[in-house]
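Here is a look at a two-chain model, written for someone who likes to know the cut-offs behind each term. Have the coordinates open as you read.

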Amino acid sequence: MPMTNLNKADQRDLFRGALEMMILRSLLREPMHGYALVQHIKQRSNELLQVEEGSLYPALQRMLREGLVKAEWEISASNRKVRTYRITPAGKKHLEREISSFERMLAGITRVLSPNET
Amino acid sequence: MTIKQFFLRRRIYDELTEEIRQHLDEKTEELMREGMSREEAEYAARRDFGNVTRIEERGREAWMWPLIESLWADARYAVRQLVKNFGFAATAIITLALGIGATTAIFSLVEAVLLRPLPFPEPDRLVWIDQQDHSLPGVAPESLSYPDYFDWRAQNHTLSGIASYVGSGVIFQNPSGSERVEAQIVSANFFDVLGVGPVLGRDFQWTDEKPGNRVVMLSYAFWQSQFGAAKDISGKTIRLDGHNYTVAGVMPKEFRFPLETPAPLLWKSLAEEAEDKDPQTGQRGFDVLGVIGRLKPGVTVEQAKADLSLIADNLARQYPDSNKQYTSALVEPELEHMIGDTRPAMHMLFAAVMLVLLLVCANVAGLLLARGSRRTAEFALRAAVGASRAAIVRQLLVESVILSLCGGAAGVALAFGLLRAILKIMPLDIPRIQGATLDMGVLLFVLAVSLVSGILFGVLPAWRTSRRTPVTALREGTRTVAGGRGQNRIHNSLVIAQTAIGMVLLISSGLLTRSFIRIVNVDPGFDSKHLLTSRVGVSSDLKHDQHYLFFQQMLDRIRALPGVESASAGWPLPMSHSNATVGIDIQGRPVAKGDEPNESLGLAMPGYFETMHIPLMAGRNLGPQDGLSGPPTMVINQAFAKKYFPGVNPIGQHIQVGIGDDVFEHPMREVVGVIGDIKHKGLTDDADPQMYLPYAQAVITNPYLVVRTNADPAAMQSAIDATIHGLDKGVPVYQVSTMEDYLSKSVAEPRFQVFLLTCFAGIALLLAAIGLYGLLSYMVTQRTLEIGLRMALGAQRTDVLGMIIRRGLTLALIGVGTGLAVSAVVMRLIAKMLFHTRPTDPLTFAATAALLLFVSIVSCSLPAYRAARLDPMKTLREQ
């Protein structure tokens, strides 16, 4: 089922850096090309996250520029010319930092949202 | 970002494009495997992917200096847009250039003349000083005499210094011949009061005012041109008017005072004024001095005035013969005194140029509004394909800025050119005007004003459009109304304002033109055609009879030249700014000493009035019989006769005139003739009472040579020069000019005002026409559908034509009406600059209104014609 077009009002924007984090986390598992990354993120999130496929690419360009990932043209298993992205050591460090700060933030939000005050 | 990255960027972008293409391919294939057709799959893949172009752009942005590069992209797009709309861009740029150029040039002039402080230390403390004549109903300023000046100098408590100066041309003798040089005779503290010392040598000292101490200060220019900038010049002796002068020193290059044209090249000490047997430094009543003072720190002009008035009042009682009527002093800031006369003209120019600037802003605003509205569809389209509102506004901002900058650059170039042109044709006697340079502050201000208006009105349409949803805007943009009511109202008001401003400028230029025509048509009382004039520097050391004989011989030889109709000499020449007034005593009408009336004095050689074509009204002209040994005689003009001999025959009356030479000392003279009045100071002045003494009986100055020729007078000059130099090689001939030139110079200022204001009015008319044309063309484009419908429903072409013209004329009429009303009030401000012309001159008002309406009709007719030629079927189908 392809992603449905949602009205702007219904769309939940990903907070800044979320897409980067997911990309880096996915690449940490194994190197992937753009299309595979999209599929991977969609599957893992059980299609809960509505990501415009294309928006992946500007994010990848930014990360390339900052040296968080690197890319090489390869031939895929399906015999297709693809550009495969790998996470760099700098990318790993960035990911760790981002996850830990994200977790702190999430913990904070969860506490505020939890109904029973302790 | 490194240089390498910059070169790699092309490849990076290509790779991104390729990558996205691969992505879409892969997705399409997968969807086809799921059972979609290729077409369906391709469509679905693209839909899921999003806006490819936009995503590629965002991807590329990651590699850019974010702001600068997107601005650069915007700029390139903007330039492409402007080139595509060349007519619009050119109109806007030329309009801006005119506004910026004219405003900056005029502002720079105003700055140089009115606003710039005097080029001396603490210029605010410098004051102009005169005494005031209370004998007349209106108090009139009068110069000081040397004895008065000395008393004021010694007795005042409010001035740290008070200096005198008086113009006196000298004949400078150098080995190669002699030359007339502008010079001033100044008090010893002259340079000290101004606060500037010599760069070489010493300043004047008090002893330099004593007889026998003739010293001279050289100007930098004179030192360079005559003495090759010799460092050892001070202490050397030079010859002036046949006397030895010791050079005291050399003034700095930029030093100039008084600030008049031509600039003085030498300053002489008072010694020579103290040397005669009846020295001028002792003649109370010989009122010729210019006086400048420096206030003590903390002293106000009013305090100085009170202080000096007290001294004047004492002197008036002490010396009633000469000072009776001079009971108070006049003190005003020096700058004020210098520029007082030019202030109204400068203010008028200033106002005119501000109006033009307003007009330019309104025009550019109108252009941008119309263009912005036309582009509604474009903005909507861009918004629909994903451009953010900020991006569209930024794009327009960049376009406006580029437009304004192009206009600004052209404007700066124009300002440079205009300023140079104006300085070339500007009447020379506006003080300080030649020092005008392009004023950077003003330039920046004007650039800022045009930039702001450009941005404001450039962005406004986009702002409005982008507030609406793309769909509505798109639908509207391609069809009916683009701008909406609010925008139309702004645009209409702009056009009305333009017409009104244009009207005001046109009326003021019309009034000045009318006044100018009246001025140049004034009969000066003499015939200026074919008349050549010059001065001949005969040494004043010659005895008066030798002096006269030299002139007689010279005139005889000149009269014999082929092409010369007649020749004579006289003083003062009309419009030459030389004049003198002396006291008169009419026989049989005794008055108390000190109460004698003063009237203008003239001198004439036989044949002077005939050569000038000044008509004789009664009696006879001055002739050879009024010579060195003849009975003392004189001639008066009609104004003189009317003032002193109403109802009495002036011929045969006797008058004692308070001037003469060493032979004819104040004799009782018989009036032998009455001549017609002539204009002396200017064509707009009333003819003063005037009396003429035979030159033979009053050798007191070098008269002007006047030669009436058969053909072009200027061509005669070399022959005349040769004749004079045949008589005496060492006599300099100077101030050579045709009488026509004098007349033309005397109206240089009003001519210049008319010229500038007419230029502005022309620009205004053009801008108003462009504004109206722009609005109507825009309206026709906007209402094409409506017009098509009307015609399809049976409206005639003439109806359509009438509809558009009616609309344009309504706006023009409101503008003209507003302009007339405003002018009726505002023109009173220039009443003083008008000669025999009422500031509400109905003919000028009516003619201007007619002109503006005519131009309005012309600028309406093109859009109207275009509307009337619309093919209704085609229009409706296209829409």
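## The sheet in chain A

In this predicted model, three strands of chain A make an open, antiparallel sheet, ordered E1-E3-E2. Strands here are DSSP runs labelled E of at least two residues, helices are H or I runs of at least four, and both are numbered from the N terminus. Two strands count as paired when DSSP finds at least two bridges between them. The edges are held by strand E1 (32-33) and strand E2 (69-75) of chain A; each has a single partner strand, so one side of each lacks a neighbour in the sheet.

E1(A) pairs with strand E3 (residues 81-87) of chain A in the antiparallel sense, over two bridges. Within that pairing, His33(A) has Thr84(A) in E3(A) as its bridge partner. As background, strands of a sheet pair through backbone hydrogen bonds, either parallel or antiparallel.

Chain A has four helices and three strands, and reading from the N terminus they go α-β-α-α-β-β-α. Of its 118 residues, 27% are buried, meaning that 20 or more other C-beta atoms lie within 10 Å of the residue's own, with C-beta atoms placed from the backbone (12 or fewer is exposed, in between is partly exposed). Take the contacts in chain A between residues at least 6 apart in sequence: 52% of them join residues at least 24 apart. A contact means C-beta atoms, placed from the backbone, within 7 Å.

The average pLDDT of chain A is 79, and 80% of the residues score at least 70; pLDDT is the predictor's confidence in each residue, from 0 to 100. Over residues 1-12 of chain A it is below 50, and this stretch has seven contacts in the model beyond near neighbours in sequence. Where pLDDT is low, the predicted coordinates should not be read in detail.

## Where the chains meet

Chain B puts 18 residues into the contact and chain A puts in 17. On the chain B side, helix H1 (3-33), helix H2 (38-49) and helix H3 (52-61) each supply at least two residues. H1(B) gives the largest share of that side, eight residues. By type, the chain B side splits into eight nonpolar, four polar and six charged residues. Here Ala, Val, Leu, Ile, Met, Phe, Trp, Tyr, Cys and Pro are nonpolar, Asp, Glu, Lys and Arg are charged, and the others, Gly among them, are polar.

## An enclosed strand in chain B

Strand E1 (residues 126-133) of chain B has six of its eight residues buried, so it is largely enclosed by the rest of the structure.

Val127(B) stands opposite Gly293(B) in E12(B) and has Pro333(B) as its bridge partner in E13(B). Gln131(B), for its part, faces Glu142(B) in E2(B).

## Reading notes

Residues are numbered from 1 along each chain as its sequence is written, while chains are lettered from A and ligands numbered from 1 in the order in which they are written. Because the model is predicted, local features need pLDDT of at least 70 and side-chain atom pairs count only at pLDDT 80 or more, whereas totals for chains, interfaces and linings use all residues.

Conventions: Contact = placed C-beta atoms within 7 Å.
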